[in-house]
Amino acid sequence: MTRRSVTRTYPIDRIRAEFPILGTTMRGKPLVYLDNGATSLKPQVVIDAELDYLTRISASIHRGVYQLSEEATVKFDEARASVRQFINAGDDGEVVFTKGATESSNIVAFGWGRKFLKAGDEIVTTELEHHANLIPWQQVAAATGAKLRFVPLDPAGRVSPESVQSAVTERTRLVAITGMSNVTGYMPPLRETAEIAHRNGAVIVVDGPQLVSHHPVDVQSLGCDFLTFSAHKMCGPTGVGALYGRRDLLEAMDPLLYGGDMIVRVGKESATFKGVPDKFETGTPNISGVLGFGAAVNYLRSIGMEAIADHERELLAYAARRVGEVPGVTLYGPMAERGVAAGGVDPGGILSFNLGEIHPHDVGAVLDGEGVAVRTGFHCAQPMMQFLGVPGTVRASFYLYNTLEDIDRLVNALHKTLEVFS
Ligand code: C6P
């Protein structure tokens with residue numbers, strides 16, 4: 001079937017055919033998957049990469065002198081190079097494999113924050129943050145005596161270079177900010193924020209799982225010092241992700257975990273450690289996951305992140321218009337202004353809304369019955385819910401394989417919800 005593609009050149013039918021799960025049903029209806037903010041679907045090439053390791057290689061990395069172990073090590077290193085290229089990091093040592101963005105944030109918080117912050121220092125962050133980029137900083141503040149300061153948001157939940165500047169002082173040592181809100185899809189002005197942080201002698205940590213999976217990211221041109229992201233939100237497996245860190249910063253940090261494979265020499269009383277990234281990767285890693293991660297970034301690059309971002313931009317504009325027309329709908333964030341975002345920044349492919357007084361979970365349950373998967377609730381971002389003044393929202397989040405028909409199915413299901421609750 002040929003779908004109404006948003007642009008004539010975007011190969012939507014081919015892309016959809018590459019995701020086996022899109023041929024399946026949910027509650028007896030063809031699946032409409034709009035929960036990409038939580039996790040993405042996996043294309044066959046990623047499944048194959050994991051399967052190949054599990055069926056044909058299976059050996060551990062860095063340890064064996066035999067062929068299978070050598071092959072595992074080579075493929076593991078190739079995956080790191082692919083991830084480095086994907087974000088344009090300077091060298092492979094700046095890419096640390098982790099369990100995901102949450103672990104990446106904690107490595108920075110404990111390895112950098114706990115080591116270098118002290119009483120009187122300030123950590124600047126925002127109410128936009130996912131808990132993964134807030135709670136570690138709360139913990140660091142409590143342990144070191146550093147203070148958290150929040151960048152003021154405008155009524156649509158945006159920050160500006162001026163509002164960032166107003167929160168940053170000469171005591172600011174670190175700015176921790178999302179690359180893209182998982183609630184509204186809003187993307188803060190990162191380059192300007194990095195410049196302000198650096199002008200004041202602070203480092204910047206960008207919480208990137210939503211940004212990196214949906215938009216081209218170049219860590220060098222953005223000027224970010226740390227970037228966290230997760231494979232599973234970008235067509236890769238769960239349980240694996242990455243921390244990008246500037247080499248000099250990573251070298252100065254302490255690891256979060258200690259054990260095998262990170263050491264140079266171990267005596268009875270002390271040990272010396274390898275350099276980056278090895279000192280952060282103790283223990284046997286998620287090898288099949290890392291190989292799947294490498295396949296995922298190569299797959300995304302083969303389509304092109306610009307093309308994916310354009311596709312989602314069109315889907316979002318259509319969704320904001322169609323969902324916004326459903327009686328009783330309230331949209332949140334920049335899309336509440338129908339896509340007209342401040343500072344020339346378009347929001348990413350996320351639409352958060354409520355349907356009259358109907359509880360988001362009730363909306364989600366009716367949508368589920370119609371074969372439409374969305375996320376409902378507070379999205380691990382309670383301060384953002386407090387800012388919006390709601391306990392939760394319904395969130396439709398789009399990705400490379402979604403279509404205008406998916407949005408039509410969402411809208412029909414919302415009308416059905418209104419009927420059910422009338
Ligand atoms: N957001 C969502 O439905 P992990 O779980 O470690 O892969 O990613 C954590 C994380 C950090 N930052 C942002 C902006 C995120 O969106 C997430 C994960 C999912 O919105 C699960 S709560």
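Colleague: To start us off, at what distance from an oxygen atom of the ligand does a polar side-chain atom of Gln210 lie?

Modeller: Happy to! The model is predicted, with local features needing pLDDT of at least 70 and side-chain atom pairs counting only at pLDDT 80 or more, while totals for chains, interfaces and linings use all residues. Residues are numbered from 1 along each chain as its sequence is written, and side-chain values use heavy atoms, with hydrogens and water left out.

Now to Gln210: one of its polar side-chain atoms lies 2.7 Å from a ligand oxygen. That falls under polar contacts, meaning pairs of N or O atoms within 3.5 Å. The protein buries 87% of the 510 Å² that the ligand exposes when taken alone (Shrake-Rupley accessible area, 1.4 Å probe). Helix 4 (101-116) and helix 8 (209-214) are the elements giving two or more residues to the shell; helices here are DSSP runs of H or I with at least four residues.

Stepping back, the ligand is surrounded by 16 residues, the closest being Thr102, Asp207, Ser230, His232 and Arg375; a residue counts if one of its heavy atoms lies within 4 Å. By type, the shell holds 5 nonpolar, 7 polar and 4 charged residues, with Asp, Glu, Lys and Arg taken as charged and Gly placed among the polar ones.

The domains complete the picture. Domain 1 (12-43 + 304-421) and domain 2 (48-301) each contribute residues to this shell, so the ligand lies between them. These bounds come from an automatic or database domain assignment. The C-alpha centres of the two domains are 27 Å apart. In the contact between them, 45 residues of domain 1 meet 36 residues of domain 2, with contact meaning heavy atoms within 4.5 Å. Together the domains bury about 3200 Å², 60% of it on carbon and sulfur atoms; this is accessible area (1.4 Å probe) lost on putting the two parts together, summed over both. On the domain 1 side, Met305, Met384 and Phe387 lose the most area to domain 2, together 20% of what that side buries.

Conventions. A polar contact is a pair of N or O atoms within 3.5 Å; within protein, one must be able to donate a hydrogen and the other to accept it, and residues adjacent in sequence count only if both atoms are side-chain atoms.
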